[in-house]
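Let's take a walk through this protein, one piece at a time. Have a look at the sequence and the fold below before reading on.

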Amino acid sequence: MACVSYCDSSLLDHNLVNCNEYKLGGVSAIIVGACGTELVDPSDDVEVQALLTAGTAKLIEDIRFALPAGSPVTVDSPIGCGTPIRINEDRTATLYDANVTDENNTFWNDVNNRRIAWVLAYMCDSGKVIYINPPVGITTSANFILPEQNNELQRYEVTFSWRDKNIPAQYNAPAGIFG
């Protein structure tokens, strides 16, 4: 059976990086936006600062943050002998926060009881940000980890979960926002 697609027949170009200028990971800070807030331009320092000043976005610094591969959401093919159709992607991001305080316990408990609208993750070696902005928000599961030995840090481990077919976009970091 031939490949049947009702989409465009040609593929977009794929680019190579120049002279081994591969992008590195490493996130040292994020900003989370409350539900009901919209960030139109993630690279606009005036817009981002206005949200921080209003308290509708919060900066979380000196952390680690990772965005692993998502998991496809599929449905059965409507065509006999057809392959499943990818309709969406379940995505997660993980955060490691050793900034353990009573106030941060309250902060993470509050975040656990609500959705957040978006996450702006600062990549410390590139001056770029990843903007995670799914259509229906992000759920959060924050946990406090108390190690059994004194050779590990107390910490919060947080999982952000959302569903979005698209890969989060990269932008230049807004000037003066991230240390």
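Five strands make up an open sheet here, in the order 2-1-6-7-10, and their pairing is antiparallel. Keep in mind that this is a predicted model. At the edges you'll find strand 2 (57-61) and strand 10 (169-172); each has just a single partner strand, so one side of each has no neighbour in the sheet. On average, neighbouring strands of this sheet are turned by 25 degrees against each other, ignoring direction.

Now zoom in on strand 1 and strand 6. They run antiparallel and are joined by seven bridges. Val-32 sits opposite Val-119 of strand 6.

## A helix across the strands

Helix 1 (residues 45-54) lies across strand 1, strand 2 and strand 6. Relative to strand 2, helix 1 runs at about 95 degrees.

## The nonpolar cores

Which residues touch the most other members of the largest nonpolar core? Out of its 22 residues, they are Ile-30, Phe-65, Leu-95, Trp-108, Val-119 and Phe-160. Two or more residues of this core come from each of strand 1 (27-34), strand 5 (85-97), helix 2 (102-112), strand 6 (116-123), strand 7 (128-132) and strand 9 (155-163). Apart from this core lies another one, with 16 residues, including Val-48, Leu-51, Ala-117 and Phe-178.

Back to Val-119 for a moment. Setting aside neighbours within four places in sequence, Val-119 is in contact with Ile-30, Ile-31, Val-32, Phe-65, Ile-130, Tyr-131, Ile-132, Ile-138 and Phe-160.

Notes. Residues numbered from 1 in each chain as written. Predicted model: local features only at pLDDT ≥ 70, side-chain atom pairs only at ≥ 80, totals over all residues. Heavy atoms only, no water. Core = buried A, V, L, I, M, F, W, Y, C linked by side-chain atoms within 4.5 Å. Buried < 20%, exposed > 50% of the residue type's maximum accessible area, 1.4 Å probe, protein only. Helix = DSSP H or I, 4+ residues; strand = E, 2+ residues; numbered from the N terminus. Contact = heavy atoms within 4.5 Å. Pairing = 2+ DSSP bridges. Axes fitted to C-alpha atoms, helices over the stretch in contact; angles between N-to-C directions.
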